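Keep the structure open while reading.

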Amino acid sequence: MASENAQVVDVIVQPLYDTLNIVAAGTLQLNYFATPLGQGQSAFGAAGTAKGIADTNMQLAGQLSAGYNFDLLGFRVQPQFNYGVIAGLLNTNDPTTWSFGGVFTFSIASKIYCQVPIDTIPAGCGPVGTQVGIATGVANTGGSVISHGVAHISNSFTIGKKPLRLSQSQVFNVLLTWPIVVTNTSVTPTAAADGIPVRVYLDGFLIRPVQ
């Protein structure tokens, strides 16, 4: 018979996610899950707009709230490109250059649990197909890559058959690092710094107390 004091929990399919911006001038490192809701700068808002639910669902910096646990199954990385330059709607190279030489590193405390090239971790969502830019007096500019892998939720980087448990007391983070700065031409409407918002998902099961 279960103890009357045993904690009753909900288990839901709910990723943990965070979004940071590769600014137009490029960057060498982005540190995810370090800035929670209501803090920092939104990748989608104007200057002075703090992170909202479009950016992240982290309530605390680098760890889960009290009473919450997470069974990690895998990872996804979703870049959000602007696929054309406004003048002439010319295609950009950003979809094929944003991850140039980049490395994805997932750590719990100071221990690395996954370290792979960014290109091995698909988005599992987003647009698919090709784009053709058309403007008055401008010839078709041809197609371009507009999807980071097959846009299906099952297309993710899985860590194996056994989930990795993140407990409320553990500090975790994801680092995206590059060996060289690669500039980009994508823009974010109304954002403080033009660039490419890149969202990182930790896929798995969120285990939370019953309210």
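In this predicted model, the side chains of glutamine 78 and tyrosine 201 make a polar contact at 2.6 Å. Glutamine 78 belongs to strand 4. Its relative accessible area is 11%, and because the cut-off for buried is under 20%, glutamine 78 counts as buried. Leaving out residues up to four places away in sequence, glutamine 78 touches Ala123, Cys125, Pro197, Val198, Arg199 and Tyr201.

The chain around this pair can be described next. It has 211 residues, 40% of which count as buried. Read from the N terminus, the order of elements is β-β-β-β-β-β-α-β-β-β-β-β-β. Among contacts between residues at least 6 apart in sequence, 75% join residues at least 24 apart. Serine 169 sits in the loop between strand 10 (164-166) and strand 11. With a relative accessibility of 59%, serine 169 is exposed.

The largest nonpolar core contains 31 residues, and Phe104, Phe106, Phe172, Leu176 and Leu202 have the most contacts inside it. Two or more residues of this core come from each of strand 2 (16-23), strand 3 (29-32), strand 4 (69-79), strand 7 (103-108), strand 8 (111-117), strand 11 (172-177) and strand 12 (195-209). Strand 12 gives the largest share, five residues. Leucine 176 shows what surrounds one of these core residues. Apart from neighbours within four places in sequence, leucine 176 is in contact with Leu28, Gln29, Leu30, Tyr32, Val103, Phe104, Ile118, Val198 and Val200.

For phenylalanine 33, phi is about 70°; for alanine 109, phi is near 55°. Phenylalanine 33 lies in the loop between strand 3 and strand 4, and alanine 109 in the loop between strand 7 and strand 8. Which of the two words, buried or exposed, applies to phenylalanine 33? Phenylalanine 33 is buried, with a relative accessible area of 0%. Alanine 109, at 58%, is exposed.

The last topic is empty space. Rolling a probe the size of a water molecule over the atoms shows where such space is left. How many cavities of 30 Å³ or more does a search of the whole structure find? The search finds one. The space in the largest cavity is about 80 Å³. Its lining is made up of Ile22, Gly26, Thr27, Asp94, Thr97, Trp98, Trp178, Ile180, Val182, Thr183, Asn184 and Ile196. Sorted by class, the lining of this cavity has six nonpolar, five polar and one charged residues.

The largest pocket has a volume of about 230 Å³. Its lining has 14 residues, and Leu16, Asn57, Gln59, Tyr68 and Leu206 are the ones nearest its centre. By class, the pocket lining consists of nine nonpolar, four polar and one charged residues.

Conventions
Residues numbered from 1 in each chain as written. Heavy atoms only, no water. 1 Å grid on protein atoms, 1.4 Å probe; cavity = no way out; pocket = protein on both sides within 12 Å on 5 of 7 lines; lining within 4 Å. Points joined across faces, edges and corners; volume = space filled by probe spheres on them. Nonpolar A, V, L, I, M, F, W, Y, C, P; charged D, E, K, R; others polar. Core = buried A, V, L, I, M, F, W, Y, C linked by side-chain atoms within 4.5 Å. Buried < 20%, exposed > 50% of the residue type's maximum accessible area, 1.4 Å probe, protein only. Helix = DSSP H or I, 4+ residues; strand = E, 2+ residues; numbered from the N terminus. Contact = heavy atoms within 4.5 Å. Polar contact = N/O pair within 3.5 Å; in protein donor to acceptor, adjacent residues only side chain to side chain.
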